[in-house]
Amino acid sequence: MYLRIFIYTTYMWSTKYSLGVGILAAVLLVAGIIFWQKPQLFSETINLGGGINVPKNGEGVSVLPIENPNAVAPSLDRPITMSASLDPEAAKELKKKIEDVLVELRKDDEQLRFWLQLGTFRKIAGDYQGAQEAMEYVAAAAPSNWTVFNNLGDLYMNYIKDYPKAEAS
C-alpha cells in the first residue's frame, strides 16, 4: 500500500515538473526566435533594407527627400492668420501647431514633411495663400511625390476654386 502511494505521488510530481519544464522550454524557444529573427525589436534603429537604417524616434529623417535642391522655400515670417469661422479653442490649438512646425522649420528648413504639415495647417486655418506657398514649395522640391500634388489639387479645387490648377495637380 505505501509503495503504491509512493509511486503515485512520484508520478504526479514528475508529471507536473515535466509540464513546467516543457512550458519554460517553449517560452525560451519563442523568445530566442523573436530575439534572433527580429533584432529590430531590441535596437535603436529600424532597418529599411538596402543598407538604410533610420532611428526609431524619427529624428534626422526626412520622409520626403529633396529631389530639386534649387527649389526656393517661402518665408517663414508669414503671419499666422485664422478664419473667423473657426472655434476659438480650435484656433488656439491650430495656432500652437503652426508655431511648433515653424520652430522645426527654423531648425532645419529642408524637412519637407514639416512644410507639408505647415501647408495643411494653414489650409485648415483658412490661410489658403500660405498653404499654397508651402505646398508649391514641396511640389517643386519633391516633384515625384504624389501626396503634395493630391493636397494641392484639393486646395485649388475646393478652397481657392482655381479649377485649371486643380486639374494640373
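Visitor: Is aspartate 127 buried or exposed?
Guide: Buried, in this predicted model. Its relative accessible area is 6%. The cut-off for buried is under 20%, so aspartate 127 falls within it.

Visitor: Where is the place of aspartate 127?
Guide: In the loop between α3 and α4.

Visitor: And what is aspartate 127 in contact with, leaving aside its neighbours within four places in sequence?
Guide: Arg78, Pro79, Thr81 and Arg122.

Visitor: New topic. How many cavities of 30 Å³ or more does the count come to?
Guide: One. The volume of the largest cavity is about 50 Å³.

Visitor: Which residues line the largest cavity?
Guide: Among them are Pro74, Ser75, Leu76, Arg78, Leu102, Trp115 and Arg122. Two elements, α3 (112-125) and α4 (128-141), each give two or more residues to that lining.

Visitor: How many of the lining residues are nonpolar, polar or charged?
Guide: Six are nonpolar, two are polar and three are charged.

Visitor: Let's switch to the core. How many residues has the largest nonpolar core?
Guide: It has 27. Ile98, Leu105, Trp115 and Leu118 have the most contacts inside it.

Visitor: Which elements give two or more residues to this core?
Guide: α2 (88-107), α3, α4 and α5 (146-160).

Visitor: Back to tryptophan 115. What is it in contact with, again leaving aside neighbours within four places in sequence?
Guide: Ala73, Pro74, Leu76, Leu105, Asp109, Ala134, Tyr137 and Val138. Trp115 also lines the largest cavity.

Methods: Residues are numbered from 1 along each chain as its sequence is written. This is a predicted model: local features need pLDDT of at least 70, side-chain atom pairs count only at pLDDT 80 or more; totals for chains, interfaces and linings use all residues. Side-chain values use heavy atoms; hydrogens and water are left out. On a 1 Å grid over the protein atoms alone, a cavity is a set of points where a 1.4 Å probe fits but cannot get out, and a pocket is an open set with protein on both sides within 12 Å along at least five of seven lines; lining residues have an atom within 4 Å of a point. Grid points are joined across faces, edges and corners, and a volume is the space filled by probe spheres set on the points. Helices (H or I, at least four residues) and strands (E, at least two) are DSSP runs, numbered from the N terminus. Ala, Val, Leu, Ile, Met, Phe, Trp, Tyr, Cys and Pro count as nonpolar, Asp, Glu, Lys and Arg as charged, and the others, Gly among them, as polar. Buried means under 20% relative accessible area, exposed over 50%, partly exposed in between (1.4 Å probe, protein chains only). Contact means heavy atoms within 4.5 Å. A nonpolar core is a set of buried Ala, Val, Leu, Ile, Met, Phe, Trp, Tyr and Cys residues joined through side-chain atoms within 4.5 Å.
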